[in-house]
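Welcome to this guided tour! Open your viewer, get ready to select residues by number, and follow along one stop at a time.

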Amino acid sequence: NEMSAAELETFYVSEIDRIERWRHEELERAGYDSESALVLAASHDVDLHEAVTLLKRGCTVDLALQILL
């Protein structure tokens, strides 16, 4: 079964949404507030593990955002 272009686009968008929701949850779990986690989750060039590690090493959320963004 081949997907139409519209079906592929829908699949791609829903997959990105799923990934961003997961990233958001992980970032909140690590200590980011919801808004900061949302910004980082949508920033695909930000490494999730680096974002989490910065907080584990004692960075404040504001400093981590400055470093990551």
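A residue is called buried when its relative accessible area is under 20%, exposed when over 50%, and partly exposed in between, using a 1.4 Å probe and protein chains only. This is a predicted model, where local features need pLDDT of at least 70 and side-chain atom pairs count only at pLDDT 80 or more, while totals for chains, interfaces and linings use all residues. Residues are numbered from 1 along each chain as its sequence is written, and side-chain values use heavy atoms, with hydrogens and water left out.

**Stop 1: helix 1**

Select Ser 14, which sits in helix 1. Ser 14 is partly exposed, at a relative accessible area of 38%. Helices here are DSSP runs (H or I, at least four residues), numbered from the N terminus.

Now move along to His 24, also a residue of helix 1. Is His 24 buried or exposed? With a relative accessible area of 15%, His 24 is buried. Show what touches it: beyond its neighbours within four places in sequence, His 24 is in contact with Ser 34, Ala 37, Leu 38 and Ala 41. Contact means heavy atoms within 4.5 Å.

**Stop 2: helix 3**

Next, select residues 48-56, which form helix 3. Colour Leu 48, Ala 51, Val 52, Leu 54 and Leu 55, and you have picked out buried residues of this helix. Why are they on the same side of helix 3? Because they cover an arc of only 155 degrees around the axis, the arc being that of the directions from the helix axis to the C-beta atoms. As a general rule, an α-helix has 3.6 residues a turn, so residues three or four places apart point the same way.

Turn to the other side of helix 3, where His 49 and Lys 56 are exposed. To see what covers the buried residues, show helix 1 (5-30) and helix 4 (61-68), which are among the covering parts.

Zoom in on the start of helix 3: a side-chain oxygen of Asp 47 comes to within 3.0 Å of the backbone nitrogen of His 49.

**Stop 3: after helix 3**

Select Arg 57, in the loop between helix 3 and helix 4. Arg 57 counts as exposed, at 73% relative accessibility. Just after helix 3 you will also find Gly 58, with a positive phi of about 105 degrees.

Finally, try the distance tool between C-alpha atoms. Arg 57 and His 24 are 33 residues apart along the chain, and their C-alpha atoms are separated by 20 Å. For Ser 14 and Arg 57, 43 residues apart, the separation is 33 Å.

Methods
Helices (H or I, at least four residues) and strands (E, at least two) are DSSP runs, numbered from the N terminus. A polar contact is a pair of N or O atoms within 3.5 Å; within protein, one must be able to donate a hydrogen and the other to accept it, and residues adjacent in sequence count only if both atoms are side-chain atoms.
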